[in-house]
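Me: I have a protein structure open and would like to learn how to read its features. Could you walk me through it, one idea at a time?

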Amino acid sequence: MQTIRFINNKFIDKNKWDNCISHAFNCRIYGFSWYLDIVCKNWEGVVYGDYELVFPVVYKKVFFLKFIYHPFFCQQLGPFCSQSNLENNQKAVFLILESICNRYSRFDCAITFSMSTIIKSIVDTQKLPLKIIDRVNLELDLKNSYNNLISCYSYNHKRNLKSDISSYSWDIRKITTEDEGYINEFLSLHKNYISVKAGLKSQNYQVIKTLILSCAKKNIGLLIGLRNNASKLVSCAFFVSDHHKDILLFNASANEQKINHMIFIIDRYIKMNASKSRYLDFEGSNLPGLKRLYSGFGAVEKNYIHIKK
């Protein structure tokens with residue numbers, strides 16, 4: 001049995017860590033060291049062997065106690081495995097979970113869709129003191145032609161797409177660091193219409209901006225926006241490329257509009273990427289309104305779990 005180590009992120013071998021994430025069968029952008037460094041102040045890695053299996057742990061300190069919490073903008077974490085012989089190695093995963101439970105008094109973490117079944121089985125069979133909550137996530141397979149994809153849209157989405165938006169103009173950019181003005185416009189729109197209901201504060205928006213700029217540097221960020229006839233941005237979505245999928249990470253629309261512009265924006269993305277070997281991950285669909293919006297594009301559930309102690 002390989003050793004299990006808890007390593008503070010300052011001392012993690014970032015190349016080995018990111019290589020494990022990159023080659024993991026359940027690879028997610030949220031697990032990369034550069035992403036974790038942006039979204040949280042304190043994190044450590046549970047490392048199995050020579051980085052064959054890793055588990056990022058995001059924690060807060062309260063006096064002398066540390067407890068795990070799930071950070072904003074980081075939908076799914078949990079164990080990531082770069083070796084196929086460890087994917088279903090319940091003993092290795094159990095030892096990691098047990099070690100985390102023994103180390104932390106409180107535990108709050110979301111687990112990737114691909115690892116949910118094995119984690120559920122371990123918690124049940126080993127009687128670990130963890131509560132499991134099912135979470136909804138929707139994904140759309142883009143391999144089919146646009147005509148085939150749009151045929152699976154809901155009646156309401158098809159009706160909405162017949163609305164006249166000829167007075168609006170598209171602003172579509174594979175963003176670079178030179179697009180900071182556009183990024184600031186999007187953040188302003190998001191802050192005006194999303195911040196209160198999402199519980200986001202000024203420091204959260206600094207994190208969002210840093211994330212988007214980091215994605216721009218890595219050439220993995222896309223902004224699709226609609227502007228009115230006064231060139232004001234009224235609806236916009238930020239997509240980030242994550243290996244074989246794109247994640248709808250942030251989006252916002254001015255709520256005074258009668259037309260649902262976000263349907264047009266997502267449809268535009270689908271039209272741009274139809275017939276490709278990619279998935280669109282809608283990144284969160286637990287709210288009934290969001291679930292209805294995203295499932296209206298023909299997306300299917302790829303649910304994950306939330307575990308708590």
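Reply: We will go through cores, cysteines, salt bridges, a surface patch and some backbone angles in turn. Keep in mind that this is a predicted model, where local features need pLDDT of at least 70, side-chain atom pairs count only at pLDDT 80 or more, and totals for chains, interfaces and linings use all residues. Residues are numbered from 1 along each chain as its sequence is written, and side-chain values use heavy atoms, with hydrogens and water left out.

Me: Let's start inside. Which residues have the most contacts inside the largest nonpolar core?

Reply: First, the idea: a nonpolar core is a set of buried Ala, Val, Leu, Ile, Met, Phe, Trp, Tyr and Cys residues joined through side-chain atoms within 4.5 Å. Buried means under 20% relative accessible area, exposed means over 50%, and partly exposed lies in between, using a 1.4 Å probe and protein chains only. Here the largest core has 80 residues, and Tyr35, Phe55, Ile119 and Phe238 have the most contacts inside it. Helix α9 (residues 202–217) gives the largest share of this core, 8 residues. Helices (H or I, at least four residues) and strands (E, at least two) are DSSP runs, numbered from the N terminus. There is also a second, separate core of 30 residues, including Leu140, Tyr146, Ile224 and Met262.

Me: What does Tyr35 touch?

Reply: Contact means heavy atoms within 4.5 Å. Not counting residues up to four places away in sequence, Tyr35 touches Ile29, Tyr30, Phe73, Cys74, Leu211 and Leu249.

Me: How many disulfides does a search of the whole structure find?

Reply: A disulfide is a pair of cysteine sulfur atoms within 2.5 Å. The search of the whole structure finds 0. Take Cys81: the closest cysteine sulfur, in Cys20, is 6.5 Å from its own, so it is too far for a bond. Cys236 is in no disulfide either, as the nearest cysteine sulfur, that of Cys215, is 14 Å away.

Me: Are Cys81 and Cys236 buried or exposed?

Reply: Cys81 has a relative accessible area of 3%, so it is buried. Cys236 is buried too, at 0% relative accessibility.

Me: Now for charges. What makes a salt bridge, and how many does a search of the whole structure find?

Reply: Side chains of opposite charge can pair when their charged atoms come close. The cut-off is a side-chain nitrogen of Lys or Arg within 4 Å of a carboxyl oxygen of Asp or Glu. By that rule, the whole structure has 16 salt bridges.

Me: Which parts of the chain does the pair Asp50 and Lys16 link?

Reply: The closest N and O atoms of Asp50 and Lys16 are 2.9 Å apart. The pair links distant parts of the chain, with Asp50 in the loop between β2 (43–48) and β3 and Lys16 in helix α1 (residues 14–23), 34 residues apart. Asp50 is partly exposed at 46% relative accessible area, and Lys16 is partly exposed at 35%.

Me: And what about Lys302 and Glu139?

Reply: They form a salt bridge with their closest N and O atoms 3.7 Å apart. Lys302 sits in the loop between β14 (300–301) and β15 (304–308), Glu139 in strand β8 (residues 138–141), and 163 residues separate them. Lys302 is partly exposed at 22%, whereas Glu139 is buried at 4%. Both belong to a network of salt bridges that links Arg28, Glu139, Lys245, Asp281 and Lys302.

Me: Which residues form a nonpolar patch on the surface?

Reply: Patches are made of residues with over 30% relative accessible area and no salt bridge; like charges are joined within 9 Å, and nonpolar side chains (Val, Leu, Ile, Met, Phe, Trp, Tyr) within 5 Å. Accessible areas come from the Shrake-Rupley method with a 1.4 Å probe, and for residues only the protein chains shown count as cover. Here Val62, Phe63 and Phe64 form a nonpolar patch with about 460 Å² of accessible area together. Phe63 lies in the loop between β3 (53–62) and β4 (65–68) and is exposed at 79% relative accessible area.

Me: Last one: where is phi positive in a residue other than glycine?

Reply: Most residues other than glycine have a negative phi. Ser231 has a positive value, near 65 degrees, and lies in the loop between β10 (221–227) and β11 (233–242). Ser275 has a positive phi near 70 degrees, and its place is in the loop between α10 and β13.
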